[in-house]
Structures are given as structure tokens and as C-alpha cells.
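The following note is intended for a colleague who is meeting this structure for the first time. Please read the numbered points with the sequence and the model open alongside.

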Amino acid sequence: MNRFELLQEGRLSPVPEVKHPEKLGHSALRAYYELGLRFCETESYDAVAINQFSPEDLSRHTPGPDPIRAVFFSPNESASKNMHADGKGEGLLVINPRVRTKSNFAYIPEYCGSIMSGRAWYMILRPKKFIFSGHIYIPGVQFEYKEHLCESPVSSMPVHERDHLDGLTAISRTIAVGLMDLRDAEDWRHLCRQRGITPERFAGIVKNENQPMHSFNKKTGRLELIDPNELQIPEI
Ligand SMILES: [Zn+2]
């Protein structure tokens, strides 16, 4: 079976809204759903935006090379349970996903299939509470507009994936203002205040990672690979 190579940072194009989701047709919807499911199963991801797939992969598995404005969530992702009509954990395709922020932001750790092919963790500011909406499609089960209040800071995946549909990743300029520089005292103070933890406790979490982590570099505006064990904790 051929492996999927997601488009990498800088190659994602913004995708326009689907004007009439109800006119998409079940065979097309099913093709995007199956592609998302196969990708998440074979590559162990919890979600993917349809425009992360290459035109070649889209041509092979869907009606054409152009993506639609939709995100697939795997059965493991909390959105799948929360937005399912019966609360079951089935994968779902969300067409025209929208996010309305309802709270302040907090730093959370993330990785992304379009940044270093998912091999790097980074810290980013995401809303703690937001309303997620869109047309939900599950083959043979559900096809309807739905809204859901997401309150857990653990999954900011709907926000992350919605950004991809706008052509953005965490290192795109417009989002980068929210990335944490692990060497920056001001960012540490901000994070510890937001999360109500001590700098020592956060240092322990970072050093436990045991794998290279990307840190935003405020000076260069890029992510850089760092070894958590060699990280100098800034004086706070
Ligand atoms: Zn991503």
C-alpha cells in the first residue's frame, strides 16, 4: 500500500467554503471520509485537513485533485464522540468547520503532519474554550449542521485543522506570535501563570519529553530543534 506524504508547511493553499454542503453527494463525501480514515489509521494521526493531501493522492482517492474545505477526525479524537448524533466514537468528516473563541488562551504542546512530517513537538497558544461548528458527515449515520462547545484544553485540534484550511500551519507568520520560545523568560512566566504551575514543574515536563522538541525562536521567527535535556531553563 502506498504511504501518504502530506504537503509540508508553505505548500498548503487556502480552500474556499463549500457553498451548498447538502449538494456534495454521498459518494464524494464518502471518498473524502474513507481517505481521512485510511490516512489516520495507517499513519497514526487523530485528524487531517483535506488540503494537506497532495493533488496526486486526492486524484487517486477522491473525485478530483482539488481539496474541499473539510477536516477528518479519527474515532480517537474527542470531536468524534462529542459531535456524533449518538455519542459514538466513529470518525467524522466536518465540512466548513468554524471556530468561535470563547475564552482566553493557554499554551499547549502540539505536533503537526505538515511540520517535519509530524516529528516535532512545539508549544502554541490555543483557546481554552471555543465553539466548533460545521456540517458533520458520517456514512450512513449522520449528515447535518452541528455546533459543540469544546472546553478541554487538551484538544485544540479543531482550531489547528481549521487553520490548515486557511493555508496556515503553526509556523505561519499569523500564528507564530502565539508560539512559545522555550528559552524566553517572559514566555515561561506567561505559561506558568496561565497553567497555574511552577517553573520547576514545567521544566520537569519538558525534560521528560525524551525526544527532540521544536522551540520557536523569537529572533528568527522559525522553529528550531532542541534537545530537552540540554535546555537552559531561563531565570524567571
Ligand atoms: Zn497540522
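Predicted model: local features only at pLDDT ≥ 70, side-chain atom pairs only at ≥ 80, totals over all residues.

1. Valine 99 stands opposite phenylalanine 132 in strand 6, and arginine 98 faces serine 133 of strand 6. Strand 3 (residues 92–101) and strand 6 (residues 130–138) are paired in the antiparallel sense over 7 bridges. Two strands are said to pair if DSSP finds at least two bridges between them. Helices (H or I, at least four residues) and strands (E, at least two) are DSSP runs, numbered from the N terminus.

2. Residues are numbered from 1 along each chain as its sequence is written.

3. Strand 3 also pairs with strand 2, in the antiparallel sense and over 4 bridges. There, phenylalanine 72 stands opposite leucine 93 in strand 3. In general, the strands of a sheet pair through backbone hydrogen bonds, either parallel or antiparallel.

4. The sheet as a whole is open and is formed by 5 strands in the order 1-2-3-6-7, with antiparallel pairing. Its edges are strand 1 (47–49) and strand 7 (142–150), each of which pairs on one side only. On average, neighbouring strands of this sheet are turned by 30° against each other, direction ignored. Axes are lines fitted to C-alpha atoms, for helices over the stretch in contact, and angles run from 0 to 180 degrees between N-to-C directions.

5. Which helices lie across the strands? Helix 1 (residues 26–43) lies across strand 1, strand 2 (70–73), strand 3 and strand 6, and runs at about 45° to strand 2. Helix 4 (residues 157–165) lies across strand 1, strand 2, strand 3, strand 6 and strand 7, and runs at about 100° to strand 3. Two residues are in contact if their C-beta atoms, placed from the backbone, lie within 7 Å.

6. Strand 3 is largely enclosed by the rest of the structure, because 7 of its 10 residues are buried. A residue is buried if 20 or more other C-beta atoms lie within 10 Å of its own, exposed if 12 or fewer, and partly exposed in between, with C-beta atoms placed from the backbone. Asparagine 96 lies in strand 3 and is buried, with 20 other C-beta atoms within 10 Å. Although asparagine 96 is not a glycine, it has a positive phi of about 55°.

7. The largest nonpolar core has 37 residues, and those with the most contacts inside it are Phe72 and Leu93. Helix 1, strand 1, strand 2, helix 3 (78–83), strand 3, strand 6 and helix 4 each supply at least two residues of this core; its largest share, 7 residues, comes from helix 1. A nonpolar core is a set of buried Ala, Val, Leu, Ile, Met, Phe, Trp, Tyr and Cys residues joined through C-beta atoms within 7 Å. Neighbours within four places in sequence aside, leucine 93 is in contact with Leu29, Tyr32, Tyr33, Gly36, Ala70, Phe72 and Tyr137. A second, separate core of 18 residues includes Ala120, Leu191, Met213 and Leu223.

8. The loop between helix 1 and strand 1 holds serine 44 and aspartate 46. Is serine 44 buried or exposed? Serine 44 counts as exposed because it has 10 C-beta neighbours inside 10 Å; its phi is positive, about 55°, although it is not a glycine. Aspartate 46 has 18 such neighbours inside 10 Å and so counts as partly exposed.

9. Aspartate 46 and asparagine 76 are 30 residues apart in sequence, yet their C-alpha atoms are 6.3 Å apart in space. Leaving aside neighbours within four places in sequence, the contacts of aspartate 46 are Cys40, Phe73, Ser74, Asn76, Glu77 and Met157.

10. For the protein overall, there are 7 helices and 9 strands. The radius of gyration is 18 Å, close to the 18 Å that the globule rule gives for 236 residues, so the protein is as compact as a globular protein of that length. This radius is taken over C-alpha atoms, and the rule is 2.2 Å times the number of residues to the power 0.38. Of the 236 residues, 36% count as buried.
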